[in-house]
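This report covers the strand pairing, the packing and the nonpolar cores of the chain shown below.

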Amino acid sequence: MSSVFVSFNTKLAQNVLNESYNFAERAEIPAFGKPAITAVCMTKIEHIGIAVRSLEDAVPRYEKLLNTPCYKTETVENEKVNTAFFQTGPNKIELLESADPEGVIARFIDKKGEGLHHIAFEVADIYSEMERLKKEGFVLLNPEPKNGADNKLICFLHPKHCNGVLIELCMSKEVTVED
Ligand code: ZN
């Protein structure tokens, strides 16, 4: 299965690369020196993650705020986190509640309180982006992509190299290939 994902996303990445080369050519984007702008590797903000103490409390509040129902809840076992998703226009909000008192979200809230936890960028090819960012000196919090919520492969970057913001890279696994 994983080789299917890889080949699909390599193709997708190539399309994005081709598109962005064309775009750069058309728009005559000046090079800003190192690193050269050669491709749009992060295609959009995929979602914004917000740490909450209790989904039971936060979900109805965000349903009121956004005037839309939560469309999905999911527990990510390896992250010890319960998530709830909202779609508002083209944008997605992920609420995160710790599923374990020792989990990363619990520790985050103990230290900083509830609030903005991370910004997730969609990438066409998470493997090449992780490689690129590592070369640029960013610190990857997981050396291999791991399973995230909402059918994604994800990787976090250490916030100390991103001006205090925890950055998530995510790549969709949504490929359905009939055997
Ligand atoms: Zn996220």
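## Hairpin of strands 2 and 3

In this predicted model, strand 2 and strand 3 form a hairpin, with four residues between them. Strand 2 covers residues 72-76 and strand 3 covers residues 81-88; the two pair in the antiparallel sense over five bridges.

Two of the bridge partners can be named. Val 76 has Val 81 of strand 3 as its bridge partner, and Thr 75 has Asn 82 of strand 3.

## Nonpolar cores

The largest nonpolar core has 15 residues, and those with the most contacts inside it are Ile 126, Cys 155, Leu 169 and Cys 170. At least two residues of this core are supplied by each of strand 5, helix 4, strand 7 (152-157) and strand 8 (167-172). Strand 7 gives the largest share, five residues.

Leaving aside residues up to four places away in sequence, Cys 155 touches Ile 126, Met 130, Leu 140, Asn 142, Pro 145 and Leu 169. Another core lies apart from the largest one; it has ten residues, among them Tyr 62, Phe 86, Leu 95 and Leu 96.

## Glu 129

Is Glu 129 buried, partly exposed or exposed? Glu 129, found in helix 4 (residues 126-135), has 19 other C-beta atoms within 10 Å. A residue counts as buried at 20 or more such atoms and as exposed at 12 or fewer, so Glu 129 is partly exposed.

With residues up to four places away in sequence not counted, Glu 129 touches Cys 41, Val 123 and Leu 169. Cys 41 and Glu 129 are 88 residues apart along the chain, and their C-alpha atoms are separated by 6.9 Å.

Technical notes
Residues are numbered from 1 along each chain as its sequence is written. This is a predicted model: local features need pLDDT of at least 70, side-chain atom pairs count only at pLDDT 80 or more; totals for chains, interfaces and linings use all residues. Two strands pair if DSSP finds at least two bridges between them. Two residues are in contact if their C-beta atoms, placed from the backbone, lie within 7 Å. A nonpolar core is a set of buried Ala, Val, Leu, Ile, Met, Phe, Trp, Tyr and Cys residues joined through C-beta atoms within 7 Å.
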